[in-house]
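Thank you all for coming.

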Amino acid sequence: MMEEKIKKEAEEEAQAQVDIWKYVFGFTEMAVVKCAIELGIPDFLEGQDGQAMTLDGLSAALGCSPSSLYRIMRFLTNRGIFRQVNQALGCSSQNSTSNAIACSSITYVQTPLSRLLARNGEKSMAAIVLLESSPVMLSPWLGLGRRVLANSPPPFDTYHGQDLWSYAQNNPAHSKLINDAMACDARVAVSAMINGCPQVFEGISSLVDVGGGDGTALHTLLKACPWIRGINFDLPHVVSVALRSDGVEHVGGDMFHSVPNADAAFIMWVLHDWGDDECISILMNCKEAIPQDTGKVIIVEAVIDHEGGDDKLKDVGLMLDMVMMAHTTTGKERTSEEWAHILNKAGFSRHTMTHIQAVQSVIEAYP
């Protein structure tokens with residue numbers, strides 16, 4: 001037994017010596033993926049209709065140094081983001097005949113993961129990567145330690161002099177980054193709802209999307225549920241640049257004051273930005289906006305201990321909780337018990353939780 005224990009401890013120590021490097025250089029994956037998106041690698045390969053593209057052809061099309069692009073692609077293929085079709089000795093900056101042959105013989109194709117990085121893909125996540133890797137969103141992470149100390153101000157406020165929402169209102173370019181990122185997630189989450197629990201929308205004639213951003217969620221939903229009249233409700237500066245779509249009315253306002261009336265209220269990835277007291281206030285306004293006998297509030301948020309949920313996505317919920325700590329004043333991801341608490345305080349009599357094939361779950365709350 002003692003020998004087995006010593007052997008196990010030695011194996012754990014050896015693995016720790018490997019794993020620690022993930023945390024030393026953990027930022028490199030985000031940085032290199034961002035580089036690939038900005039260079040347009042996924043978009044270009046997606047346009048090849050599944051045909052493999054040589055390194056020479058890819059570097060010429062994108063205006064890149066073959067040797068530098070090779071190193072980027074070597075990193076990304078090693079992580080399964082792109083796939084190298086054939087093997088090659090490598091590609092260096094030396095101008096030699098053998099090296100030119102090696103460069104020209106390397107070919108790449110897309111993978112399911114790299115397709116998510118194409119900007120115009122149906123399930124693209126590129127905009128979320130570009131938002132979270134932007135200097136504005138990265139700098140607050142440097143102050144996370146101070147955030148944990150008692151009475152310390154939020155890191156975002158410390159680095160930018162104002163909270164995230166005020167910053168977005170005063171910086172249209174960053175506001176667009178946020179809207180584009182939320183639109184990416186909306187396409188994925190709403191599609192997962194339509195495929196996984198379409199009954200959620202049965203019997204609803206009108207739906208107000210609270211904090212609906214550029215209207216992508218409603219636009220996606222109304223394609224599958226054309227009988228619904230949609231109200232996209234967000235801050236005035238947000239809806240002023242929202243997508244124009246048949247069946248959708250854009251209304252500017254403040255969810256802390258009131259919410260437009262509808263058969264049901266829909267609120268996705270908004271409540272995690274706020275503390276319990278703010279969530280209760282928002283939910284009470286949603287409750288006031290719907291019929292008390294037949295209405296409901298549809299909440300689409302992560303539930304970090306949801307039984308029956310995908311364990312593979314649990315870690316994403318925990319990472320999102322750290323994002324809330326770095327970027328918001330009082331926001332957090334919640335357990336099922338924490339969701340039950342705020343729904344009860346907001347005056348809802350009952351609620352259900354349904355898992356979908358996304359990071360979020362669907363919570364239906366009834367007056």
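Predicted model: local features only at pLDDT ≥ 70, side-chain atom pairs only at ≥ 80, totals over all residues.

Let me begin with the second largest pocket, which holds about 390 Å³ of space and is lined by 18 residues. If you look towards its centre, the lining residues that lie nearest are Lys176, Asn179, Asp180, Ala183 and Asp214. Which helix gives the most to this lining? That is α13, with 7 residues, while α8 (126-132), α13 (172-196) and α14 (216-224) each supply at least two. Sorted by class, the lining of this pocket is made of 8 nonpolar, 5 polar and 5 charged residues.

Let me now turn to the interior. In soluble globular proteins, nonpolar side chains tend to be buried together. Here the largest nonpolar core has 29 residues, and the ones that touch the most other members are Val208, Val210, Ile267, Leu271, Leu283, Val297 and Ile299. At least two residues of this core come from each of the strands β4 (206-210), β5 (229-234), β7 (264-268), β8 (296-301) and β10 (361-366), and likewise from each of the helices α16 (276-289) and α18 (336-345). Of these, α16 gives the most to the core, with 6 residues.

To take one member in detail, Ile299 is in contact with Ile267, Leu271, Leu283, Trp339, Leu343, Ser361, Val362 and Ile363, once its neighbours within four places in sequence are left aside. Finally, there is a second, separate core of 28 residues, and among them are Ala186, Leu222, Ala264 and Val300.

Definitions and conventions
Residues numbered from 1 in each chain as written. Heavy atoms only, no water. 1 Å grid on protein atoms, 1.4 Å probe; cavity = no way out; pocket = protein on both sides within 12 Å on 5 of 7 lines; lining within 4 Å. Points joined across faces, edges and corners; volume = space filled by probe spheres on them. Helix = DSSP H or I, 4+ residues; strand = E, 2+ residues; numbered from the N terminus. Nonpolar A, V, L, I, M, F, W, Y, C, P; charged D, E, K, R; others polar. Core = buried A, V, L, I, M, F, W, Y, C linked by side-chain atoms within 4.5 Å. Buried < 20%, exposed > 50% of the residue type's maximum accessible area, 1.4 Å probe, protein only. Contact = heavy atoms within 4.5 Å.
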